[in-house]
Amino acid sequence: MSISCVSRSLYLPYHGRMSREIFKLPKYQAIASDILQKIADGTFPVGSKVPSMVELTAQYRVAPNTVGRAIDMLRELGVVESRLGIGTFVLTAEVEQEVSLATRVSQLEAQMAELIGLLTVLKNL
């Protein structure tokens, strides 16, 4: 399955910023999804260098750890590789179908946590 098929189900651009409204993804997952979309649409072609941690941190307006988790997620998926002192590079524009399943499980976990929180609030009323 190509990245674009996976990413389009996770990310929709909204006024130049990431939209987490649809699935309420954690920020690092939304960033990883956005980077996947950029790989799929050719913004970051295979073999190219992904912007640095400092650039991504400024672009997404998040803490460096959040960007680090997003890059780690992409690395675990085999989409990018990081070379110490050099940068992070795109390895492939293809992702296994398991990415979609793993992302859906994460989404369901986040939704369940939200529902549990709401139930707790309701019980205390």
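**Ring contacts and helix packing**

Zero aromatic pairs are present in the structure, a pair being two rings of Phe, Tyr or Trp (its six-membered ring) with centres within 6.5 Å. The model is predicted, so local features need pLDDT of at least 70 and side-chain atom pairs count only at pLDDT 80 or more, while totals for chains, interfaces and linings use all residues. Residues are numbered from 1 along each chain as its sequence is written, and side-chain values use heavy atoms, with hydrogens and water left out.

Charges do sit over rings. The charged end of Arg69 is placed over the ring of Tyr28, 3.9 Å from its centre, and Arg83 lies over the face of Phe89 at 4.3 Å from the ring centre. The criterion is NZ of Lys or CZ of Arg within 6 Å of the ring centre and within 35 degrees of the ring normal.

Helices are DSSP runs (H or I, at least four residues), numbered from the N terminus. Axes are lines fitted to C-alpha atoms over the stretch in contact, and angles run from 0 to 180 degrees between N-to-C directions. Helix α2 (residues 27-40) packs with helix α4 (residues 64-76) at about 55°, the axes being 8 Å apart. The two are therefore oblique to each other, the class left after under 35 degrees (roughly parallel), over 145 (roughly antiparallel) and 65 to 115 (roughly perpendicular). The crossing of α2 and α4 is right-handed, meaning that the near helix is turned clockwise from the far one by less than a right angle. In contact (heavy atoms within 4.5 Å) are Lys27, Tyr28, Gln29, Ile31, Ala32, Ile35 and Leu36 of α2 with Thr66, Arg69, Ala70, Ile71, Met73 and Leu74 of α4. These comprise nine nonpolar, two polar and two charged residues; Ala, Val, Leu, Ile, Met, Phe, Trp, Tyr, Cys and Pro count as nonpolar, Asp, Glu, Lys and Arg as charged, and the others, Gly among them, as polar.

The axes of α2 and helix α3 (residues 53-60) come within 12 Å and cross at roughly 110°; α2 and α3 are therefore roughly perpendicular. Ile31, Asp34, Ile35 and Lys38 of α2 meet Leu56, Gln59 and Tyr60 of α3, giving four nonpolar, one polar and two charged residues.

Between α3 and α4 the angle is about 110° and the axes are 9 Å apart, with a right-handed crossing. Met53, Leu56 and Thr57 of α3 contact Pro64, Val67, Gly68 and Ile71 of α4. By class, five are nonpolar, two polar and none charged.

Conventions: Rings of Phe, Tyr and Trp (its six-membered ring) pair if their centres lie within 6.5 Å; planes under 30 degrees apart count as stacked, over 60 as edge-to-face and the rest as tilted.
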